[in-house]
Amino acid sequence: MTEDARFARELAECLSSLAPCPKSSFSGFGIVICAGGAAYFTNAYVLIHVLRHHLGCTLPIEVWHLGKREMSRRMSVLLEELDVRVVDATDEPTAHQTDIVDGWQLKSFALMWCRFEKALLLDADQIPTRDPAALACWPEFERAGAVLWPDAVDLLPENPVWAACGLAPRRMTSVESGQLLIDKSRKWGALGVARHLNERAHYYYNMLYGDKDTFLLAMLLTDSAFELVPHRPATDRGMCLYQHDFHGAPLFQHRTGAKWRYAGEQDDLPGFVGMDACLDALNTLRRKWNGLIVDAPSRSDAAQRAEERLVSAGGVTFLVPGEAPIQLEFFAEGDIGAGRSADRMNWRCEEERGEISLLISDAFGPTWRLAEQAGGRWYGRSVVHPRIEAFAATGFIGSKATLEAGGAWRKWPMPGRYDSQVLDL
């Protein structure tokens with residue numbers, strides 16, 4: 001049997017075995033976003049921050065990803081602060097029956113198994129011009145149960161995907177899947193076919209540009225009604241697609257070629273709406289997250305209690321003799337906020353032979369190791385340059401002048417030659 005014949009048979013089997021929607025599993029209207037990895041997380045955070053803080057959107061939101069390699073606990077916490085439910089698709093029971101390895105494939109799976117009955121799927125690099133909550137009441141959506149948006153290109157009759165799906169060749173407006181509006185109770189069969197096509201990405205993506213037209217083909221293969229927004233997207237040098245509502249008003253700004261960067265300059269597009277709100281979101285993210293996906297190793301209960309004390313204290317004042325004191329802000333889950341630098345990106349505690357150490361790390365591994373002393377103080381050395389000593393104490397102490405005026409920090413009860421010695425701050 002040829003490869004084409006095998007995939008045709010599998011598709012026919014899928015179409016003949018479609019089950020009804022388990023309606024009791026889903027309810028309400030919400031937004032679904034797939035955002036694994038540091039780059040897409042950055043974009044998703046900007047999108048959700050804008051939705052919550054600038055557009056007043058209160059819709060429930062789910063963000064889906066593919067495991068710890070794509071989403072650290074700290075990243076999840078930042079999304080939860082924006083009232084987002086974070087879903088690890090690898091933990092979902094239904095995921096064990098699929099072959100999903102990338103974000104394009106994940107979109108059809110997340111759309112199918114999110115908790116919403118009516119769902120708006122948005123790519124992470126989207127920015128709406130207004131609160132999308134009203135889309136649930138669009139008459140076109142209520143009539144058809146599905147709204148698709150056009151791409152700037154067409155599917156051509158000579159595309160082999162028509163034959164692969166057993167459909168008559170035709171020229172048809174291609175679908176841009178940066179946004180999809182679906183009533184799952186009415187389009188469950190089409191979603192099942194879309195998932196089937198995306199699970200076999202190594203075959204169908206050779207004929208399509210990623211996942212986007214798998215949703216169109218699924219609608220055609222199941223004879224499902226849908227409404228296509230009649231306005232082609234405006235484009236900006238390939239950097240952004242501006243999608244419209246049915247009246248032609250701008251609604252979605254899909255920054256396909258101008259994604260937000262955690263660091264560096266951002267692409268400021270002439271027709272883009274909401275730049276200040278997006279930059280505000282980026283600044284907020286940088287204060288709270290260091291841009292790294294860090295999965296801390298297992299720690300003992302004693303080490304975790306020491307971490308809790310440091311977080312409760314707000315962090316430490318970090319001193320290296322001959323340098324100005326630095327106030328390091330410690331977040332739960334291991335990120336450093338204020339005071340972060342190239343060699344001080346993350347932190348954690350560990351226990352070894354009953355002793356607690358504070359480890360401060362760069363992007364690759366520990367750079368400072370300090371042992372716990374009495375009174376919330378820590379003493380240790382640079383891992384990279386062991387001759388360089390370091391001190392830390394819980395709490396934010398203040399400036400050099402405050403330290404000198406306070407007096408309590410002028411003498412450090414530290415091991416060796418630092419006993420009763422006044423440090424030069």
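**Strand pairing and its surroundings**

Modeller: Leu370 has Gly380 of β19 as its bridge partner. The model is a predicted one, in which local features require pLDDT of at least 70 and side-chain atom pairs count only at pLDDT 80 or more, while totals for chains, interfaces and linings use all residues. Residues are numbered from 1 along each chain as its sequence is written, and side-chain values use heavy atoms, without hydrogens or water.

Strands (E, at least two residues) and helices (H or I, at least four) are DSSP runs numbered from the N terminus, and two strands pair if DSSP finds at least two bridges between them. Both strands lie in an open, antiparallel sheet of seven strands, in the order β15-β14-β20-β19-β18-β17-β16. At its edges stand β15 (326–329) and β16 (346–352); each has a single partner strand, so one side of each has no neighbour in the sheet. On average, neighbouring strands of this sheet are turned by 30° against each other, direction ignored.

Helix α11 (residues 301–313) lies across β14 (315–319), β16, β17 (355–361), β18, β19 and β20 (389–394), contact meaning heavy atoms within 4.5 Å. This helix runs at about 145° to β16; axes are lines fitted to C-alpha atoms, for helices over the stretch in contact, and angles between N-to-C directions run from 0 to 180 degrees.

Five of its six residues are buried, so β4 is largely enclosed by the rest of the structure; buried means under 20% relative accessible area, with a 1.4 Å probe and protein chains only. Strand β1 (residues 29–34) runs parallel to β4 and is joined to it by six bridges, with Gly30 partnered by Ala119 of β4. Strand β9 (residues 179–183) pairs with β4 in the antiparallel sense over five bridges, and Leu181 in β9 stands opposite Leu120.

Finally, two helices pack against each other: the axes of α7 (residues 184–199) and α9 (residues 212–221) come within 8 Å and cross at roughly 130°. Their contact is made by residues including Lys187, Val193 and Leu197 of α7 and Phe215, Leu217 and Met219 of α9.

Technical notes: Buried means under 20% relative accessible area, exposed over 50%, partly exposed in between (1.4 Å probe, protein chains only).
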